[in-house]
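Welcome, and please open the model in your viewer.

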Amino acid sequence: MDRIQKLIDKMKDHSYQPNPARRTYIEKKNGKKRPLGIPSFEDKLVQEVVRLILESIYEPTFSDFSHGFRPNRSCHTVLQQIQGTFTGVKWFIEGDICGFFDNIDHALLINILRKRIHDEYFIVLLWKFLKAGYVEDWTFHNTYSGTPQGGAVIGPILSSIYLNELDRFMEHYRKEFERGKKCRKPEKYTKRSLFYVRYADKWLCGVNGSRQDAEEIKADIGRFLAETLKLELSERKTLIINACDKARFLGYDIFVSDHESLREVKNGHVRQVRRGKVKLYVPREKWQKKLMDYKALEIKYQDGKEIFRPVHRTCLISKNDLEIVQQYNAEVRGLYNYYKIADNVRILGRFNYVMKFSMFKTFGAKYKLHISGVRRKYGYKHFGVKYQTKQGEKILYYYEDGFKKGKTGIAKPEVDHVPKT
């Protein structure tokens, strides 16, 4: 409480100055390193108060197409919006911004904030956080662009405020496109439509038009980002994809089904129509890579065929029986919770099969038993580990909940902790 009171006093006399964040790095899936800044306790406390204020100001006005780092929104809500609104699109534009979090222009961000916030003391406080710098290898470094990442609390809300400018641009652009004022003029009797969603710095457009339309939309968005927000669109990662092929967004494969069905029309006749329904799929390489990351799987090639071989996990042998089952359950449930809204979610049964036999082999390596001996000890039909509690003996069973497709609706934000797959 003494520390907090001193902090309050510094805030009152405006002498508060954030400490440089401690810089650390985590590995990205492409092998590169992502920089994170770890702030001090006092700085995290002040940032949380600032975050609450900013959220109360901006959250009611954020776009319905924005889903990252927002209350009651998650990866699932943006994916469900795609499935519900992108019906019948012909092209996808996968959007990616080069080094977004490291390249936010500080002066531009402050100007955006000043449109809504007229308290200069509050603006100065935000400046202090943006300019606090970081310490790496005991050396201080200034920060000239970007928002605080990692342990920083205000980074996500500041990035949302910055990219809200893109969301508003796209709302206006959609209307212009559908009225024929953007891109080439639509052909006779051809209705054009444009859909857009964003999660953090990743965005996806669905275009009901020609490939030329999609190319011009991509160019216009790139021009807006460069000229208005001083950001660069990644040419390598921003792709235009036929909607019948698979676009990759937030770890899901997304495509439009070209399945045809019969529909009765007004005069009583029946005609074939193309549904154009959006499908969400679990990519095979995602669950397969998880198995490899967990070191639960070896893949061998024989006569040109892949042979999956579950293997024991050396890193788990030293844990007790309960911890081993808890670890496997958490990993299976975590992947399922993220992909539960996929149309082919049952494919995770294959992932589960490898995990289960990897667990059998891990127990076998721990107790020098064959798989048959492990199953005889812990149960054939239901694999369970007994443990003692104050209420008596209990049993923790290996995951048995199956892989049914989950219901739609607002997903819990915890699923956002998993899409790094």
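How are H10 and H11 oriented to each other: roughly parallel, roughly antiparallel, oblique or roughly perpendicular? Select helix H10 (residues 348-367) and helix H11 (residues 371-378): their axes cross at roughly 95° and come within 9 Å. H10 and H11 are therefore roughly perpendicular to each other (65 to 115 degrees counts as such).

This is a predicted model, where local features need pLDDT of at least 70 and side-chain atom pairs count only at pLDDT 80 or more, while totals for chains, interfaces and linings use all residues. Residues are numbered from 1 along each chain as its sequence is written, and side-chain values use heavy atoms, without hydrogens and water.

H10 contributes residues including Phe 357, Phe 360 and Phe 363, and H11 contributes Ile 371, Val 374 and Tyr 378 among them.

Next, select Leu 229, one of the residues with the most contacts inside the largest nonpolar core, which has 106 residues (such a core is a set of buried Ala, Val, Leu, Ile, Met, Phe, Trp, Tyr and Cys residues joined through side-chain atoms within 4.5 Å). Beyond four places in sequence, the contacts of Leu 229 include Leu 108, Ile 112, Tyr 162 and Leu 166. Helix H6 (residues 155-178) gives this core its largest share, 9 residues.

Last stop: Ser 63, in the loop between helix H2 (41-58) and helix H3 (75-85). Ser 63 counts as buried because its relative accessibility is 1% (the cut-off is under 20%, with a 1.4 Å probe and protein chains only). Its side chain makes a polar contact of 3.0 Å with that of Glu 171 (a pair of N or O atoms within 3.5 Å, one able to donate a hydrogen and the other to accept it).

Methods:
Axes fitted to C-alpha atoms, helices over the stretch in contact; angles between N-to-C directions. Helix = DSSP H or I, 4+ residues; strand = E, 2+ residues; numbered from the N terminus. Parallel < 35°, antiparallel > 145°, perpendicular 65-115°, else oblique. Contact = heavy atoms within 4.5 Å. Buried < 20%, exposed > 50% of the residue type's maximum accessible area, 1.4 Å probe, protein only.
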